[in-house]
Amino acid sequence: MRRFAVGSLCALLVTLCAASSSKSDEIRRGGEPCAASTRSGAGQSAARHARRDGEDLDPRQVDALLADLRRTLRERFGTDDENRVDAALRMSRRRVVVPVRFHAISSGRRGRVGPSTVRRQISTLNAAYGGRKGGVDTGVRFRLAGYDVTDRESWFWHPQRHEGEMKRRLRRGGPGTLNIFSAAVGTDMLGFSTFPQWYRGEPRMDGVVVDYRSLPGGSNRGFDRGYTAVHEIGHWLGLMHTFENGCEPPGDGVADTPYEAEPATGCPSGRNSCPQRGGDPVHNFMDYAQDACMREFTAGQGRRVRAAWAAYRAPNRRAKAVDLRTEPTTRARSVGGAR
Ligand SMILES: [Zn+2]
């Protein structure tokens with residue numbers, strides 16, 4: 001994203017900051033409204049077929065998100081060691097099943113996503129998060145809990161501009177309900193999402209927005225398998241881009257995703273853009289490669305997703321279903337630790 005946005009980013013940010021007067025962005029961006037927001041399509045002139053979304057972060061934002069997760073885990077479970085949280089949660093509950101509310105926004109017949117497409121998207125999510133495309137089974141599954149179509153031309157063509165109104169009217173459920181909105185996000189920028197850390201400050205903005213052409217069988221060539229939703233939901237579940245922070249620690253804060261200097265486009269082979277060990281994770285769902293290139297989450301990303309779920313989204317998180325404070329510390333690996 002950074003690679004494409006350089007030329008136009010500054011000017012666009014000025015526009016975006018002026019347009020985005022809501023308190024939400026201030027909360028979201030850690031008190032720096034629009035500091036790194038590219039969510040409204042910065043880089044519109046970028047090469048076609050480059051995946052992009054609104055979740056690029058600067059190093060301070062990465063640190064803030066990781067610190068928030070560490071703090072929340074310690075408050076809830078007495079440790080920020082994801083292995084220990086994970087081990088305990090697996091004993092009590094093997095699988096996370098996320099109820100999904102799918103909201104198709106249309107303009108007449110355009111964007112009128114049918115139920116069969118929605119079902120295919122849910123199947124794609126379950127395959128990806130279940131490790132059936134490659135990588136690990138994250139333990140996360142998705143269940144369609146609601147589907148509706150709203151014919152509203154302005155929302156359809158400008159989902160970023162009308163994000164607040166759209167979500168206030170349509171989103172349902174609490175922190176553990178995934179609200180997906182499909183609309184004409186764009187062909188350069190394909191979607192955007194909130195992070196679980198943001199829920200506390202702004203619950204009504206929680207959710208994921210994807211371009212309707214990126215759904216399974218959609219018309220965006222190269223991005224038509226439904227992996228844009230897989231990627232955006234990764235953010236909703238607490239994952240950052242594999243290229244976050246470039247070659248600089250802590251990268252994306254996940255130990256087993258190799259450092260990556262910049263997003264992948266297309267499907268590069270043999271790329272190794274950072275001096276640290278490991279080739280670029282171009283096949284990871286949290287990179288920007290084309291759908292045909294994407295296939296995996298890592299074990300560390302699976303642990304991160306489950307830890308973030310326990311911290312922010314699990315329905316019983318207040319009840320402290322597990323108390324880890326009496327367990328011994330073994331091979332501790334804390335959130336955002338050395339990679
Ligand atoms: Zn992203």
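1. Let me begin with a pair of strands. Strand β1, residues 96-106, runs parallel to β2, and the two are joined over 11 bridges. Within this pairing, His 103 has Asp 148 of β2 standing opposite. Please keep in mind throughout that this is a predicted model.

2. Now for the sheet these strands belong to. The sheet is open and has five strands, ordered β2-β1-β3-β5-β4, and its pairing is mixed. At its edges are β2 (140-151) and β4 (191-193), each of which pairs on one side only. From one strand to the next, the twist averages 20°.

3. Which strands does helix α5 touch? Helix α5 (residues 115-129) packs on the sheet and touches β1 and β2.

4. As you will know, a packed pair of helices is described by the angle between the axes and the distance between them. For α5 and α8, the angle is about 60° and the axes are 9 Å apart. The two helices are therefore oblique to each other. The crossing of α5 past α8 is right-handed.

5. Which residues make this helix contact? From α5 come Gln 121, Thr 124, Leu 125 and Ala 128, while α8 brings Tyr 227, Ala 229, Val 230 and Ile 233. Sorted by class, the contact has six nonpolar residues, two polar ones and no charged ones.

6. One more residue deserves a look. Cys 267 sits in the loop between α8 and α9 (299-313). Is Cys 267 buried, exposed or partly exposed? Cys 267 has 16 C-beta neighbours inside 10 Å; a residue is buried at 20 or more and exposed at 12 or fewer, so Cys 267 counts as partly exposed.

7. Finally, the partners of that cysteine. Setting aside neighbours within four places in sequence, Cys 267 is in contact with Val 282, Ala 289, Gln 290, Ala 292 and Cys 293.

Notes:
Residues are numbered from 1 along each chain as its sequence is written. This is a predicted model: local features need pLDDT of at least 70, side-chain atom pairs count only at pLDDT 80 or more; totals for chains, interfaces and linings use all residues. Two strands pair if DSSP finds at least two bridges between them. Helices (H or I, at least four residues) and strands (E, at least two) are DSSP runs, numbered from the N terminus. Axes are lines fitted to C-alpha atoms, for helices over the stretch in contact, and angles run from 0 to 180 degrees between N-to-C directions. Two residues are in contact if their C-beta atoms, placed from the backbone, lie within 7 Å. Angles under 35 degrees count as roughly parallel, over 145 as roughly antiparallel, 65 to 115 as roughly perpendicular and the rest as oblique. A crossing is left-handed if the near helix is turned anticlockwise from the far one by less than a right angle, and right-handed if clockwise. Ala, Val, Leu, Ile, Met, Phe, Trp, Tyr, Cys and Pro count as nonpolar, Asp, Glu, Lys and Arg as charged, and the others, Gly among them, as polar.
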